[in-house]
Structure formats: structure tokens, C-alpha cells
Amino acid sequence: MPAARNRLSRTLAAAPAAALILGTLAVATPATAATPADTPNTARRLAGTHPDWATAQADQGAVADSAPATARIYLAGRDASGLAALAREVSDPSARGYGQFLSADQAAQRFGASPEQVRAVTDWLTSAGLTVGESTPHYLQVSGSTGALAKALGTPFHSYRAPDGGTRQAPAADVTLPAGVAGSVLAVGGISGATHKDVSHAVSVREAEAKADAQADARAAAQGLAAPSAKPAATLPTVPTCSEDGYGSKTAKGAPEGYEKNEPFAPCSYTPSQLRKAYGVSDAKVTGKGARIAIIDAYGLATMEQDADHFSTAHGDRPFAAGQYREFVTPDKFVHQAECGDWSGEQALDVEMAHGLAPGAQVVYVGANSCYDEDLNAAMAKVVDEHLADVVSNSWGEIMHGKSGDIDPAVVAADNQIFQLGAVQGIGFTFSSGDCGDSSPGAAATGVNCQSDTSQAQADWPSASPWVTSVGGTALELDDKAGHYGHEVSMGDQRSVLSADQKSWDPYPGFFYFGGGGGVSKDFPQPWYQHGVVPDSIARTAADGTHSATPLRATPDVAMSGDLVAATLVGYTADGAYSEGGYGGTSVSSPEYAAMIADAIEVRGGRAIGFANPAIYDRAGSGAFRDVNDSAVHTKFGNVVDLGVVGGTLRVRLYKLASDYGLKATCGYDTATGVGTPGRDFFSSFRLPRH
């Protein structure tokens, strides 16, 4: 392993999970932040439980005491401060306790809620008149009247005009926990009347193109112009065409001149064997044998293992061996399916990428009962509580600051607790950084996989957590059909379409279409492992432009192939028929990197890596990572033409690559690709010394 960087900075304390104040740069410092275990004998106010939008001007009066109410009470467990400290100790290669992980039982006994804590919290709730329903090692679900909930939480509830125009109920003041349970309660969730859900960071080429084509047609109609051309120029092919023998191997001759002469056709969708070759998996002769990868998404695809086997066999790879794939789904408990949509393509992508880049690893799929925060948290908790994996890939997320309000602080606290419990057991989490550039309203105006509710440029959650590996995206360019590495640029595309007269591109330059996520989060101080690697010029300016007196958490940490133009092939069964198509998104990147970690675990003789960020930043600037730098790209590799069919119509589009919204890959750490992508020494850097 390369020498660790900036060892002196390792003595600085990491901010505990509770050190979060949303919507402000006044983040709590490690010296002043109080965790639940720090205040066991005094009442404690839960900052942020009274939402900012619930103003006096928006107040529409008290909610009737008899109105029904529910809440989720998250348990702090024993020694919350000690949990954060140990999570750092076992994850930091420079620490004495590095790699000395606990078992699931040991973690539960040391940090889980004690019977006395559970009893005290239960008594507090029931004495106020609430009923405790579902009970897990992490939370108690309660129901009852609004009056009873107000009595327990120390604040009345009012109705307010919400920012989205509706009416919502919320606490009239921050929740106050009585002294008897102040040290036992981590957070109180679900009390502000808002529902928060996560979105998939995967999109099919067909779906994205259909949406973008509809936008182009609507813009033309609004301007009284002819619709963009629905057929290619006579000199172009009349069937879908892509560069199959390497990036730029086939030129779109006869297309109008774009950003350069003779633009190439976009590459054909990549297969796992090409990605293994490009990122050194094939040359290292590793398969992830002995490692376990968990995939968490919403719901479950009934034909997943069958489809993955079909896909692998069709592309020259081995299907899952008996018992190599397991899944945990509860279809009878699935909820909110209309709001969450179909996650089948996401699941197929994640499983097939994990298996494709680590074909010898065990793959465990855990399907949440919805895309809502609490259900995805429960799925993550299952993986940690039962120690089902060594690395967990999550290809979903959400904005933290929206027009309808900020994310529930309870979600942040509860998720961070799970990530820390995973870290002390040697379980690492990877998260997609998003597909909307800096997630600003400007990006969302034309981006095909953005959340329109965004109110500002920002880093997404859970990608912004200091306790996860945030994985950004690149456009990977292969030298040949076999998959030899050629070049990479940041994941971000501007899009134009062939004009009505077939002589130019409309608009030119194009609109922002798709891009990797990232940025500096104003919600978290800089974690210890980024000291000395992320420049202050980056870390002191949040994504929305606000300046900070102290460094902040920057995302992503690493990146891998995920662009929609340089897409990845996925196959699964829909409506009774199996088919394959191109997909893009940092949904591709997250399971790719999780598989790379699984392969590295094999290199380590089966020893877990756990929370990987300290090891990642120790390797920054070494041969373990390629520094992605958009300014170094040759113009030949900058832009492509796509010729594809959507809705039965053949259409021609021009893309300018390395054009993310608000993000750009530069020399060294950057907020488009982090420290870079796995390089020539990635696997050798994890090899343990012989004794």
C-alpha cells in the first residue's frame, strides 16, 4: 500500500453523525457537538425537527388533539460517541486498530440499544398515550392521537401552508426529549407531514431519448418552428449504428459538422467483459471469490437470477453457481409502488454489474418495501444486523434541499448510524453520486434524470454522508472491441438534434442532457480522510456558492464508467419477454466500484476492507487511481453522434462529452470524478505484505 498522506491530520477528530445542522454552514464542530450518549441526564432539544418552512406567516392553527398521528422513534443505542470513534479507528490504515472489526453480535452488544433503554423509551411513549407498534433494534413505530404525540415530544402540532402550495402538519417548535430518555433516542422521524423518497440513478437509453425528444419537439412547437428532423440525412445509415470496434471506430460521414469535423458514432453499449479488461480485473486474474456484495434497491424482480444467468451466458460469462445469488424480498409488504415506479431495470443493472466485474463473489439482493427513506433504511439495517455482505452497493439517492423543504434530519441521523455500525463490522457502503450534475435548478431544467424539486446546487444524500463512498461517473472510451482502456472524461453530455432541414444541429451548443453528480456539501464538515487531498479552494465553497470558514465534505470520492452515451448493456424480463438495452447513470458506477472492492478483498486473502474512504484517499495521486482530467482530452474523443430508434422513429443526435452541469474533471481531486478511477496499481496496492 502506498505511504499514507498527511498523517498529522489523522489526529483530528471526525465529526460525529449527530453534528448536522441542515440548511446552514454553521455545522457543529467535533468539540461542541453533543451525541445522545453525551446528555443522558438532561432534557435535549432535537434541532431541525421544526422545519424552516413552518413559519408564523404560514401558520394555519393548531391541529386537533384527536387527529391521528404517527412517528418513528430511532434508538441511539449504547455509546453513540464510541461508535463513531471505533468506526474511524478500524477504517483508518494509519490507526492502531485498523481492520480489527467486530462481529454483528459484538456490535449489537456494544452499541445496540439496551433492554433498559428500550423499556425507558417505551414507557415514555405509552405514558403519553401512544401505542408502540413495530419494534426493531433500531426504532419504535408509534401511533395515537396528535395530543398524545404532542405531550410526548414537548411541542404542539400546527397546520402550515407548505412551500409546494399544500397544507402540512408539523411541530410548532423543535422536539424536546425529557431527561429520562434523552440519551436513548437518536432522532424522531416522520412528524413534519412531508414524505421523502429516493430515486433510482439509472436510466435506459430508450427512456432518456424518448423524454429528450419530447422536450425538443415541445420547444420547437412553442417557438413556432418545424419539429427536428425525424429521419437521418441521405448520406447516413438508415438503421441504428454504433462504434463497435473501439471508441470512434466508425465515423458519421455525411452528418452536419458539429463541434469538430467527422464526428464518430457513439460506442456500442459495453459488456462486463469489456469493463473487466478496461479496469484491470482481467489482467489481475481476480474474480472477487470469497467476498460478498449486497445490492439494495426498492422491490424485487421475480426473474432476477434467471435473467442474470441468461445475460452472462449470452455474453460469454459464467452464470451464477448454485447458491451464489440470494435475495431477500417481501412482496406482500410492498407499498407506494405507484409513486416509486418500476425499479426492475435498476435491480437488473446493479446485479449484473456486480456479478460482471466480480464473477466469483457472492451477490445478495435485499429489496426495500418501497423507495421511501424509512424502508431503504430498514433494508440497509438488515444487511448490517445480519452481516450479509462485505460491501453494499446503493444506486439511489435524493436531494437534501428542495422547494418543498429539507430532508428530515432523522433520516440523516438514522442512516449515518447504520453506516457506522457497518464500518465497525468491516462493511462498506457505496452510493451513486447522482445523474444531474450539481443538482441545481438549472441542471434540472433539461436534465433527463433530475429531481425537479431542487432549490439549489447541492450534493445528494446519502452520497454526501462522510461515512459512505460516493461514486461518480465517467464516459469511458475503449481502444478496441476487446475492452483495452483508451481514455476517460467526466460524465456529462450536451445534446442537440438534427435540424428540420438536416443541415445543422438544433440547438447548438446543445442543452444539458445527463451527467454525473457531485459537489461540496454545506451540511457536513470535511471528514479527516480528505485533509491534505481535497484542496481548500474546493472544500471551502459549497455547491451553491456559499463560502465556509472551515473545509466541508466534498463528493464524489471515486468514479467509474456510467455515461448514458457510452452506455452499459443490461438484460432483464419485462412483460413476460427478456430483452437487452443500453443503460447509464452512476447506478452503473456504484456496483462497478463495489465489485472492484470485492476483487480487492480477494487480493487481500479474504480480509475485509470495510469503510473504504480512508484507504482511497491514502492512495490518491498514486498509480492506484487514474486522474481524470477533461482538459487533457483530445478533440477526437470529445463528441459523438447517435443514431437510434425511439417510438419507431429513427432520429439523429449530437452529444458533446465532458459537459457536466456545474462540475468538471481537473488535475487532482475534483467534484466530478473525485480522486479518479481505478488505475494500473489498484489491485496490487491492496496486496498484504508477506511475513
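**Close-up 1. The buried pair Tyr 617 and Tyr 669 in a predicted model.** Tyr 617 and Tyr 669 are both buried, where buried means under 20% relative accessible area, exposed over 50% and partly exposed in between (1.4 Å probe, protein chains only). This is a predicted model, in which local features need pLDDT of at least 70 and side-chain atom pairs count only at pLDDT 80 or more, whereas totals for chains, interfaces and linings use all residues. Residues are numbered from 1 along each chain as its sequence is written, and side-chain values use heavy atoms, with hydrogens and water left out.

**Close-up 2. The stacked pair Tyr 259 and Tyr 508.** The whole structure holds 22 aromatic pairs, counted when ring centres of Phe, Tyr or Trp (its six-membered ring) lie within 6.5 Å, with planes under 30 degrees apart termed stacked, over 60 edge-to-face and the rest tilted. Among them, Tyr 259 and Tyr 508 are stacked, at 4.8 Å centre to centre and 25° between the planes. Tyr 259 is partly exposed, with a relative accessible area of 23%, and Tyr 508 is likewise partly exposed, at 41%. The rings of Tyr 617 and Tyr 669, by contrast, form a tilted pair, 6.5 Å centre to centre with 35° between the planes.

**Close-up 3. An aromatic cluster that includes Trp 467 and Trp 528.** One cluster is formed by Trp 467, Trp 528, Tyr 529, Phe 611, Tyr 617 and Tyr 669.

**Close-up 4. Arginines over aromatic rings.** A charge sits over a ring if NZ of Lys or CZ of Arg is within 6 Å of the ring centre and within 35 degrees of the ring normal. Arg 495 lies over the face of Tyr 513, 5.5 Å from the ring centre, and the charged end of Arg 619 sits over the ring of Phe 686, 4.0 Å from its centre.
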